[in-house]
Amino acid sequence: MIILKKCYLIRHCEAEGQAADAPLTAKGMKQAERIADFFSSMHVDRIISSPFRRAVQSIVPFTEKDGIKIETDERLTERELSDENLLNWLEKLEASFEDMTLRYAGGESSLEAMKRIVAVLEEIDKSDAETSVVVTHGNLLSLALKYFDREFGFEDWRNLSNPDIFLLQIDRDQVVIQRVWEPVRN
């Protein structure tokens with residue numbers, strides 16, 4: 001069992017699209033400021049982000065206030081369900097939560113994607129960092145949570161907000177996952 005100190009898992013703020021270079025919307029930039037405020041009273045040792053623009057932009061306001069460096073890690077990029085345009089992609093995604101080995105053309109299975117983010121979390125555990133922040137994407141964040149809580153599924157993914165933040169703590173054999181973000185509903 002991985003033993004983490006504190007790890008905050010963040011789903012990026014609202015973005016203009018799904019491409020790697022898609023920036024945050026104006027609303028997303030305001031959300032990023034809220035994230036900075038959320039972390040302002042905490043000591044954070046390490047920030048690791050997906051290199052996708054929307055993920056990095058989601059944490060930049062905090063790093064500008066705190067001065068902490070953002071490390072980017074390719075393993076935190078969003079899972080590619082398929083390299084084909086799937087008209088029924090939502091149904092395909094749901095099926096991939098049920099069958100973790102299901103793989104569509106040019107994509108990766110949920111299990112493969114899960115292994116990527118869990119490897120990052122294991123490395124964080126072995127580091128000296130007591131409090132870490134991981135900025136990623138909705139599907140990958142969901143798969144990390146599913147790794148620790150097998151009941152976390154497709155409907156839980158659907159209920160995530162942009163942004164969203166979960167605190168993950170594992171002390172010996174006890175896993176504690178807590179949603180710590182209060183989304184602002186319009």
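The model is predicted, so local features need pLDDT of at least 70 and side-chain atom pairs count only at pLDDT 80 or more, while totals for chains, interfaces and linings use all residues. Residues are numbered from 1 along each chain as its sequence is written, and side-chain values use heavy atoms, with hydrogens and water left out.

Begin by selecting helix 3, residues 89–98 (helices are DSSP runs of H or I, at least four residues, and strands are runs of E, at least two, numbered from the N terminus). Its buried residues are Leu93, Ser96 and Phe97, where buried means under 20% relative accessible area and exposed over 50%, with a 1.4 Å probe and protein chains only. Seen down the helix axis, these buried residues fall within an arc of 105 degrees, so they line one face of helix 3; the arc is that of the directions from the helix axis to the C-beta atoms. On the other side of helix 3, Glu91 and Glu98 are exposed.

Next, select Leu9, Leu121, Ile124 and Val134, the residues with the most contacts inside the largest nonpolar core, which has 30 residues (a core is a set of buried Ala, Val, Leu, Ile, Met, Phe, Trp, Tyr and Cys residues joined through side-chain atoms within 4.5 Å). Helix 4 supplies the largest share of this core, seven residues.

Finally, show helix 4 with helix 5, which pack at an angle of about 80 degrees with their axes 9 Å apart (axes are lines fitted to C-alpha atoms, for helices over the stretch in contact, and angles run from 0 to 180 degrees between N-to-C directions). That makes helix 4 roughly perpendicular to helix 5, a term for angles of 65 to 115 degrees.

Technical notes. Angles under 35 degrees count as roughly parallel, over 145 as roughly antiparallel, 65 to 115 as roughly perpendicular and the rest as oblique.
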